[in-house]
Amino acid sequence: MSMDVSALKGIGPKKAARLEKMHISTVEDLLYLFPRDYQDRRSTTAVADLHAAAAAMIHVVIRRVDRPFSYRRGKKNILRLRVEDASGSLEIIYFNAAYLGSRFHAGERMYFYGSPKMTKGRMQMIQPAFSEDMAQEGILPVYPLTAGIGEGEMRRIQRQAQQYISTMEDPLPETLRQEHGLVPLREALSWIHFPPDSERLKKAKARFIYDELLTLQLGVQMMRRQTGRGQAMKASAEPFIRHMRFPLTGAQQRVIDEILSDMAQKKAMSRLVQGDVGSGKTAVAEAALFAAVKSGRQGALMVPSELLAKQHFANLAADYAHFGIRVGLLTGSMPAAEKQRQLAALQAGETDIIIGTHALLQPDVVFDRLGLVVTDEQHRFGVTQRKTLAEKGDTPDILVMTATPIPRTLAVVLYGDMDISVIDELPPGRKPILTKAVTEKARDKVYRFVGEEVAAGRQAYVVAPLVADSEVMEAKSAKGLYRELQQRFGSSVRVGLVHGEMRQEEKDAAMQAFAEGRCDVLVATVVIEVGIHVANASVMVIENSEHFGAAQLHQLRGRVGRGAAQSYCILLCGKNAGETARSRARIMTESSDGFYIAEQDLALRGPGEIFGERQHGLPDQKLISLLRRTDLMADCRKMAEDILQEDPGLQAHPLLRRRVERVFGADVRMII
Ligand code: ADP
Ligand code: MG
């Protein structure tokens, strides 16, 4: 129902414009503007039982009214009331409230609702709501507000919107709704705004959380590849594996087997490979791409950065040279002529495997016979980007690889029905990285240690949260540290710099110098986080580590420990680091297991950062709170399956379809 808000009484063009700022233009939008909080005005609390910060309603007698006076002329007008009940007394304060002066009289009984605060050992309530008959108001909604529409007014508007609830249609099929014990939409819409009691408020909330989770589930499940299409790619990867420089780990071998058995089926593969940093995902991808090419198809490997694309290109070209497999490279910064040549070779089928960045998603990238799409470090890509690449082939097999460990409960939501393989073993001979969390006081010692490692012939990364010093954020910057370290070390240490604001060639040159050992200490921002491999680097110093999430810290740490030498990761925590950041640093020192870290971090602060960038159109905050509801997830997934089983394109469920499109973009199409 899309009736305009201006249909409501009291909403003229001016108010409509203010609501528009909150993205509310229809009555339906209004009904879906849920309260951010509630005030329980059903029962009173005795003054003596008030707790600081816990909102409560009191019923008291006004003992004294101190008329407003100005302290510092023209500044604040303060109205003070002394109130009491049988249990004790309390001060109530209103600022800038000269107009309230005549509203209160000693001896009157009044209700107040607010959050008490302890000031100099005395309990106060600042600017509480008040009325003589508040107890009849029940549970009141508190809405997110916009300039020009106050709390009381928003409540009035919402009360009016309630009369249109009867025109809202429930997107859930009646039988499924009952089967899953959910309340009808209309009741939920009434109770979420004006809850008759806490029980029904809870039911209304559960219904809407369920609706959101269902939308996510439908979306990811609709994106999954359907059965019965695609091609069977039956070639073996054995010749490639035999020719490798090292024997595969058991985990690599198992995951390759899982992948190849998927590829051999006619049904299109849709598989997620999780493997900790350094677990050897590249070799797994290479084996799969090899099998695709030997089955007569082309393969694509998409990565999130140019640096990584080039690194993969160099490795794959070398590893495949023996087999005559032709590897191409496509990046955004490539000269136009070179790009044209790559595109032409790809389309003509002269390239067997193309490696590239987001540039692969461009419409001018056309394949001859695309059979396998691999996305590396997939958390950097959104769902729709993966889909765009897949649509360049005729339902190709899909493999996504991530080092960002995602607890299984969440993976199920984000990846719908993708099958999951885990590389849970590191190649032999890796020494665990020693991790230490220290404060700024230890900085001198830390860099003395870096100097010693360099003197012993090894290299170090130093990572900072900022590119350049900032006035708004108190943290180290890469540029600042670059100068600082040059000064500190003098000519004995060659210091390099790489950050996101440098031109591509500059970045490449700096990385190249480090990789070739022409630079000892590389000062960097998180641009080095992904995939880079320099075996001689043995120290990772992370400045202001409190500014990084656990997934990032884990990725950064994974840049060292790739050679024979003992490696170290040092987290330099700033002095303003909060409790969460300190706990996170502690988790890092306790474990090198990405999954454990992710689980702990999830418990600490929710899944937000685990996803890196946004996966869906939903605001992160919303996604986080939704994904916390692991209790509802399995049930919801089942409902989505049941609905899609009957109606794969949601043709018969237009309301559900509309919701899915709103979150996943209007182009959610079935790939049937
Ligand atoms: P990631 O999973 O982080 O992408 P890589 O594929 O980059 O890891 O592998 C990290 C390093 O380990 C590379 O130098 C790679 O050659 C090496 N490697 C991978 N598999 C093995 C193995 N089975 N035995 C020895 N070294 C391996
Ligand atoms: Mg990798």
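## Asp520 and its backbone contact

The side chain of Asp520 reaches the backbone nitrogen of Arg494 at 2.8 Å, a polar contact in the sense of a pair of N or O atoms within 3.5 Å, where within protein one must be able to donate a hydrogen and the other to accept it, and residues adjacent in sequence count only if both atoms are side-chain atoms. Asp520 lies in the loop between helix H16 (504-515) and strand E20 (521-524), helices (H or I, at least four residues) and strands (E, at least two) being DSSP runs numbered from the N terminus. Because its relative accessible area is 10%, Asp520 counts as buried (under 20% relative accessible area, with exposed over 50% and partly exposed in between, for a 1.4 Å probe and protein chains only).

This is a predicted model, in which local features need pLDDT of at least 70 and side-chain atom pairs count only at pLDDT 80 or more, while totals for chains, interfaces and linings use all residues. Residues are numbered from 1 along each chain as its sequence is written, chains are lettered from A and ligands numbered from 1 in the order in which they are written, and side-chain values use heavy atoms, with hydrogens and water left out.

## Surroundings of ligand 1

Ligand 1 is surrounded by 16 residues, of which the closest are Gln252, Gly278, Lys281, Thr282 and Arg430; a residue is included if one of its heavy atoms lies within 4 Å. A backbone N or O atom of Gly278 lies 2.6 Å from an oxygen atom of the ligand, a polar side-chain atom of Lys281 lies 2.8 Å from an oxygen atom of ligand 1, and a polar backbone atom of Gly280 is 3.0 Å from an oxygen atom of ligand 1. Taken alone, ligand 1 exposes 570 Å², and the protein buries 83% of that, with areas from the Shrake-Rupley method and a 1.4 Å probe.

## Aromatic rings

The structure holds 14 aromatic pairs, in which rings of Phe, Tyr and Trp (its six-membered ring) have centres within 6.5 Å, and planes under 30 degrees apart count as stacked, over 60 as edge-to-face and the rest as tilted. The rings of Tyr94 and Phe104 are stacked, because their centres are 5.8 Å apart and their planes at 15°. This pair links distant parts of the chain, with Tyr94 in strand E4 (residues 88-95) and Phe104 in the loop between E4 and strand E5 (109-114), 10 residues apart. Tyr94 and Phe104 are both buried, and together with Phe112 and Phe130 they form one aromatic cluster.
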